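Hi,

Here is the structure I promised to pass on.

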Amino acid sequence: MRRDLAHINEQLLIERLALGDPAAKEWLYDKYAGALYSIALQLVVTETKAADVIVRVYNWAFHHIGSFHTSGHHSLFTWLMRKTREYAIQEMIPDSALTGAELIKQEEGILQKFYLLLPTDQQQVFRLSFFKGLSVATIARIMAQPDEQINETLKEAMRSFRQYLKSNWN
Amino acid sequence: MELKFYIESGIIESYVLGLATEEEVYELQHMRRLYPELDTEIDIVERRLERAAFDESPLPPMELKDRVLQRVRWENGNAYTEPDPGSNYTFINIHPQDKNHILVHKWWKIFFIIFFIMSKVFLFLAIFYYLKYRQTQENHSSLHPVFQQEQVTAS
């Protein structure tokens, strides 16, 4: 990590990124790449795919840093994480090539750990929603349940996620 | 009370993870305008998630940094030098979005221009000296008949 940027605050970093400062870009990589790579690994099956996702995310971030303030996010990390998920879902190997075991085998990463703590019905909905990027309507069709039921199950999972974060990282 | 219930519903977590529907996002933006303190709660949730992700983060592969920053280096040329030495090589990158084009370092342009000019210079010199050689040969044989006779005698 660049020594001159070691204690830079996020606002100043965003300003320097908007100016195209290469040191700021390197700092953005050094600070968040590990955590984002972990998120990508939880979403895609292979390390190669996860690396491809990270390259796309940073390339996007360097060119769209100006949109951060209108994104509704407060931290650069969650802004980048959201894009990481979006790209990871695009890069994902099609369902036909997966047995479903790959995700369950992976027990590393905060989201995988949380997923494993959920009751079975919430696990299924959360997996299809977060890890697969499917809409509530699609999940409802797959699980042969009404949309309202899926929505309620997902909300339950989100309430659990809130408690999970609060109890471990408050 | 309404706000507390709203926050406890996990809507912020859903929004941050990108799972909220369009209607839920719209409602959240509306609530943010009504209750500015909601922004503080969003900030808290985002920082919480950030800390959680940092706790679990593995080291990404070494070459990933080069892949991410190579475009930055190209765009900045010599103005930016990588603090970590050992990256003194030329990238030829196949652009992932377009398989019909490749991206090369801008110095290749200068190299090709010099190569083109030098090839023209050498071609010109080759023709010039060839013609000069031919002319010398012709002059030599026409201006010195004795030399011609000597050649005939010798053969």
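Below is what I found, starting with confidence and moving on to the contact between the chains and a few single residues.

First, a caveat: this is a predicted model. The predictor gives the complex an ipTM of 0.87 and a pTM of 0.71. Chain B has a mean pLDDT of 82, with 75% of its residues at 70 or more. Within chain B, H2(B) has the highest confidence, at a mean of 95, while strand S1 (residues 92-94) has the lowest, at 52. I'd keep that in mind when you look at S1(B).

Now the layout of chain B. It has seven helices and two strands, and from the N terminus on they run α-α-α-α-α-β-β-α-α. Of the 155 residues in chain B, 16% are buried. If you take the contacts in chain B between residues at least 6 apart in sequence, 32% of them join residues at least 24 apart.

There is also one record to mention. An unreviewed UniProt entry annotates residues 110-131 of chain B as "transmembrane region". In the model that span is 100% helix and 0% strand, and its end C-alpha atoms are 32 Å apart.

On to the contact between the chains. Chain A puts in 40 residues and chain B 36. On the chain B side, helices H2 (11-17), H4 (37-55) and H5 (62-76) each supply at least two residues. H4(B) has the largest share of that side, with 11 residues. By class, the side of chain B that touches chain A splits into 18 nonpolar, seven polar and 11 charged residues.

One helix pair across the contact is worth a look. The axes of H2(A), residues 22-43, and H5(B) come within 10 Å and cross at roughly 170 degrees. Angles over 145 degrees count as roughly antiparallel, so that is the label for H2(A) and H5(B). From H2(A), the residues making this contact are Pro22(A), Lys25(A), Glu26(A), Tyr29(A) and Ala33(A). H5(B) answers with Leu64(B), Lys65(B), Val68(B), Leu69(B), Val72(B) and Asn76(B). That makes seven nonpolar, one polar and three charged residues in the contact of H2(A) with H5(B).

What does Pro58(B) touch? Leaving out residues up to four places away in sequence, Pro58(B) touches Gly34(A), Tyr37(A) and Ser38(A). Pro58(B) sits in the loop between H4 and H5 of chain B.

Two residues of chain A to finish. Ala144(A) is in the loop between helix H8 (136-143) and helix H9 (147-169). Its phi is near 55 degrees, a positive value in a residue other than glycine. Most residues other than glycine have a negative phi, which is why I flagged this one. Ala144(A) is exposed, since 6 other C-beta atoms lie within 10 Å.

Phe131(A) belongs to helix H7 (residues 120-131) of chain A. Buried or partly exposed? Phe131(A) has 19 C-beta neighbours inside 10 Å, so it counts as partly exposed; buried would take 20 or more.

Cheers

Conventions
Residues are numbered from 1 along each chain as its sequence is written. Chains are lettered from A and ligands numbered from 1 in the order in which they are written. This is a predicted model: local features need pLDDT of at least 70, side-chain atom pairs count only at pLDDT 80 or more; totals for chains, interfaces and linings use all residues. Two residues are in contact if their C-beta atoms, placed from the backbone, lie within 7 Å. Helices (H or I, at least four residues) and strands (E, at least two) are DSSP runs, numbered from the N terminus. Ala, Val, Leu, Ile, Met, Phe, Trp, Tyr, Cys and Pro count as nonpolar, Asp, Glu, Lys and Arg as charged, and the others, Gly among them, as polar. A residue is buried if 20 or more other C-beta atoms lie within 10 Å of its own, exposed if 12 or fewer, and partly exposed in between; C-beta atoms are placed from the backbone. UniProt positions are given in the numbering used here, feature names are shortened, and annotations may be inferred rather than shown by experiment. Axes are lines fitted to C-alpha atoms, for helices over the stretch in contact, and angles run from 0 to 180 degrees between N-to-C directions. Angles under 35 degrees count as roughly parallel, over 145 as roughly antiparallel, 65 to 115 as roughly perpendicular and the rest as oblique. pLDDT is the predictor's confidence in each residue, from 0 to 100.
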